[in-house]
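Here are a few exercises to work through with the model open beside you. Try each task before reading its solution.

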Amino acid sequence: MPLRIEDPRTPPARPEEPSARTSKRPLPRGWILLVVGAVVLLLAVLVGGMRESLPGQSAEPSAGGPVRSTPPSTPAPPVLNGREVAPGLVLGSASIEALNQDFLHGTRIGYPRTVDGAIAAAINYDAALHTPAMFNRVKRAALNERIYTATGLNEVAVDDELAAAFARQLGINAKGKVVGKGGKVDPRKKLIAATYPRYGAYKLLSYQPSVEAPNEVVVESWRPFVLGTGTDTDRRKVGLGWYQATVTVRWERGDWRVADSVTNLDTAKPSDQSKPNASYSDRAAALGPGWSVPTDATETLLPGTVVP
């Protein structure tokens, strides 16, 4: 079950360094796994050691954390296309790449007011966390304003403070450029940040008030991502990980927008973690029953996919 976690807003210090200061504001949940997953992957490459836990990590909500009152939600409808692609894993009715009307800094935006539109929005907006635009201060601000509700923007979006702290771990500047000694941009290297929902899966948890005119939809999504710095031929500092979150989207101002995102720290992983394009059978085994893959999901390694 996804966990609500209130964490310090500080990425983990390297083992030989003291922890940085801790802010009182909780860590936006959308980047929790970036901190506890991708940074661990990154630091494993940088300093040669994986850590099982991080300073200040807690599996329980903070007593002072936000409390939300959510009306009872409608049970998820039956899967429209029930063809199994693997035992317990079915081909869903939502598409990752076919429902959006526009793009903003590489993120698909503009979805129909349908359950499938909400599913696609929830997955693609959450996937924006693992794109280069989220590491660029100007582009991140534009994306945050576009894909979050007012509450989501305040509580779960990535702000400049957290982005700057994470950028220090990656060795990039506010524009997402790799910097070397003295803070000068290193033209030989680049930020490598990508996510692959078509290699992932999703679970529709609820919608309300009706399937004909939904106002709020809750989706659990799972997908692989890559993060690090390097070149097209040198990816030693790029890690491959998997991300799982429960995302709530609401219909506001003519589109679906993220109102909440709860990261699952106990993220499922396929048995073969050497590549992002897990087979359907591997996804089914990792996730268990009740999950769907998008209509445009694939097991084939697509052109442009980064394999560290």
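**Exercise 1.** Which residue of β9 stands opposite V219? Keep in mind that you are looking at a predicted model.

*Solution.* Start with the pairing of the strands: β8 (residues 216-230) and β9 run antiparallel and are joined by 13 bridges. Then go to V219 and look across to β9, where V247 is the residue opposite.

**Exercise 2.** Follow β9 onwards and describe how β9 pairs with β10.

*Solution.* First, find β10 at residues 255-263; β9 and β10 pair in the antiparallel sense, over eight bridges. Finally, turn to the hairpin, where two residues lie between the strands and R253 takes a positive phi near 50°.

**Exercise 3.** Is β9 mostly covered or mostly uncovered?

*Solution.* Take residues 238-252 and apply the cut-off for burial, under 20% relative accessible area. Of the 15 residues in β9, 12 are buried, so by that cut-off the strand is mostly covered.

**Exercise 4.** Characterise the largest pocket by its volume and its lining.

*Solution.* Begin with the volume, about 510 Å³. The lining has 21 residues, and those closest to the centre of the pocket are E97, G106, T195, Y196 and P197. Now sort the lining by element: β5 (107-109), α2 (115-127) and β6 (190-195) each give two or more residues, and β6 provides the largest share, with three.

Key. Residues numbered from 1 in each chain as written. Predicted model: local features only at pLDDT ≥ 70, side-chain atom pairs only at ≥ 80, totals over all residues. Heavy atoms only, no water. 1 Å grid on protein atoms, 1.4 Å probe; cavity = no way out; pocket = protein on both sides within 12 Å on 5 of 7 lines; lining within 4 Å. Points joined across faces, edges and corners; volume = space filled by probe spheres on them. Helix = DSSP H or I, 4+ residues; strand = E, 2+ residues; numbered from the N terminus. Nonpolar A, V, L, I, M, F, W, Y, C, P; charged D, E, K, R; others polar. Buried < 20%, exposed > 50% of the residue type's maximum accessible area, 1.4 Å probe, protein only. Pairing = 2+ DSSP bridges.
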